[in-house]
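Let's take a friendly walk through a protein model together. Have a look at the picture below, and then we will go through it step by step.

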Amino acid sequence: MILSRSPLFDNLGTPYQLMVVFGVSGLYAAACAFKLRGVAERARGMALERFTHLLVRAKGQAGAPAIASQIEIMTREIESLRRGAFAPLTEQPVVRALLLPISSAGGLTLFRYLGWGG
């Protein structure tokens, strides 16, 4: 929506109220993304803590080495998970889509055309 207000497409004015709405919306979306990441990491920590207790209990029981090995495998899987909310911010699809035009050679030309660069 911000790009559509540029002279590249039409010579529309952008009132400051609209820019405030864009800014607040963007900040809210970013805050939600960071909050989601924090909640997901806390959930991962709680799951790892629970699996650690289960592992200790399984290793203390006679005849439960198969269960203990399964719990160890699941613990390693939880620790190594890097998809969805656990993916780094730079690997999130929305962030990558936003950074793609800027990172290409056409990004510099676009910045110059919009009057944002030297």
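Let's begin with Leu48, which is found in helix H1; helices here are DSSP runs of H or I with at least four residues, numbered from the N terminus. Is Leu48 buried or exposed? Leu48 counts as buried because its relative accessible area is 18%, and buried means under 20%, exposed over 50%, and partly exposed in between, using a 1.4 Å probe and protein chains only. The C-alpha atoms of Leu48 and Met74 are separated by 9.2 Å, with the two residues 26 apart along the chain.

A word on the background: this is a predicted model, where local features need pLDDT of at least 70, side-chain atom pairs count only at pLDDT 80 or more, and totals for chains, interfaces and linings use all residues. Residues are numbered from 1 along each chain as its sequence is written, and side-chain values use heavy atoms, leaving out hydrogens and water.

Now for the charged side chains. How many salt bridges does a search of the whole structure find? The search finds three, a salt bridge being a side-chain nitrogen of Lys or Arg within 4 Å of a carboxyl oxygen of Asp or Glu. Glu41 pairs with Arg37, their closest N and O atoms being 3.4 Å apart. Both lie in helix H1, four residues apart, about one turn of the helix. Glu41 also forms a salt bridge with Arg44, again with 3.4 Å between the closest N and O atoms. With 8% relative accessibility, Arg44 counts as buried, whereas Glu41 is partly exposed at 31%.

The side chains of Glu72 and Lys59 meet in another salt bridge, at 2.9 Å from N to O. This pair links distant parts of the chain, 13 residues apart: Glu72 sits in helix H2 (residues 65-80) and Lys59 in helix H1. Lys59 counts as exposed because its relative accessibility is 55%. Salt bridges that share partners join Arg37, Glu41 and Arg44 into one network.

Finally, let's visit the second largest pocket. It is lined by 16 residues, and Ala29, Ala33, Leu89, Gln92 and Val95 lie nearest its centre. A pocket is an open set of points on a 1 Å grid over the protein atoms alone, where a 1.4 Å probe fits, with protein on both sides within 12 Å along at least five of seven lines; lining residues have an atom within 4 Å of a point. Helix H1 gives the largest share of this lining, seven residues.

Technical notes:
Helix = DSSP H or I, 4+ residues; strand = E, 2+ residues; numbered from the N terminus.
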